[in-house]
Amino acid sequence: MAVKEYAGKMIELDADGNLANLNEWNEDVAKAVAVEEGIEALTERHWAVINYMRKEFSEKGDAPSIRKMTKESGVDTKELYALFPKGPAKKAARIAGLPKPKGCI
Amino acid sequence: MDEPIKKISIVVSKGSLDGIYPGLIMANGARMEGIEATLFFTFFGLHGVIDKKMDKIKVATVGNPAMCVPSAIGPGLPTWMGAIPGMSWFATGMMKKEMEKLDIPPVREFITMIHDAGCEIYACKATVDMFHLTKKDFCQEVDDIISVGQFYEKSVGSQIIFT
């Protein structure tokens, strides 16, 4: 398993490059992963999505689909793609310290 | 390592529920992976974007030997039974219920979602003319009515998928 430094912490990654352990995540790690994903600064709107995803994951055990994100996070599809260009579900999950979403939608 | 797929163009040519959804799921999935996507609706596939038809898309039960009840591994439905009045309505209801469980939206919502995700949506000019339709007959997400030539122009660098 790969280990990489984020925000001064050595963090274990899974095969997709997402955090292997949910509890190693903190806001500074999120910011460092975001920079790697091409998002220089996380805004309040980014955090709304990230926090929603973490909450959903802790309750359901899987990252939410784009449809659920659109309906429940308070951020619509267009904005999701603007906030997390080239794959909102995948990128937001990675920044939120979650595994890659399994669903197709 | 092989180059990742960057751009796809999906042609939807069939107007049944099982004809339309695969194209929509693939287009949405492409956008989710950061792949550019274009949807081109032709022939009966146009029903997926015709305002008055898109909420009434049904599963084709006639001539479908893979039709099983109550699930895909259940006993096969004798093909002649697919022609019983109401069978398509019934099968559609069953399938929609299962799709909702998987968070697959109804056609109209799905089209909006895919369009908002940045996928371009086009209707085929030859079919539009043949069916005597105009731009007004389509849902607002349809960006334009284009010829097959324009479709190829827009698909430069794309992988084309025909469904």
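Start by selecting helix 2 (residues 44-60) and helix 5 of chain A: they are roughly perpendicular to each other, because angles of 65 to 115 degrees count as roughly perpendicular, under 35 as roughly parallel, over 145 as roughly antiparallel and the rest as oblique. Their axes cross at roughly 80° and come within 9 Å. (Axes are lines fitted to C-alpha atoms, for helices over the stretch in contact, and angles run from 0 to 180 degrees between N-to-C directions.) Helices here are DSSP runs of H or I with at least four residues, strands are runs of E with at least two, and both are numbered from the N terminus.

A quick word on what you're looking at: this is a predicted model, where local features need pLDDT of at least 70 and side-chain atom pairs count only at pLDDT 80 or more, while totals for chains, interfaces and linings use all residues. Residues are numbered from 1 along each chain as its sequence is written, with chains lettered from A and ligands numbered from 1 in the order in which they are written.

Now show the side chains where those two helices touch. A:Val49, A:Ile50 and A:Met53 of helix 2 meet A:Ala92, A:Ala93 and A:Ile95 of helix 5; contact means C-beta atoms, placed from the backbone, within 7 Å. (Nonpolar covers Ala, Val, Leu, Ile, Met, Phe, Trp, Tyr, Cys and Pro; charged covers Asp, Glu, Lys and Arg; the others, Gly among them, are polar.)

Zoom out to see chain A as a whole. Its elements run β-β-α-α-α-α-α from the N terminus on, and its C-alpha trace spans about 35 × 25 × 20 Å along the principal axes.

Next, bring in chain B. How many residues does each chain give to the contact? Chain A gives 16 and chain B gives 14. On the chain A side, pick out helix 3 (66-72), helix 4 (77-83) and helix 5 (88-95), which each give two or more residues. Helix 3 of chain A has the largest share, with four residues. That side divides into five nonpolar, five polar and six charged residues.

Last stop: helix 1 (residues 17-32) and helix 3 (residues 107-116) of chain B. Their axes are 10 Å apart, at an angle of about 30°, so these two helices of chain B are roughly parallel to each other. Look for B:Phe110 and B:Met113 in helix 3, among the residues that meet helix 1.
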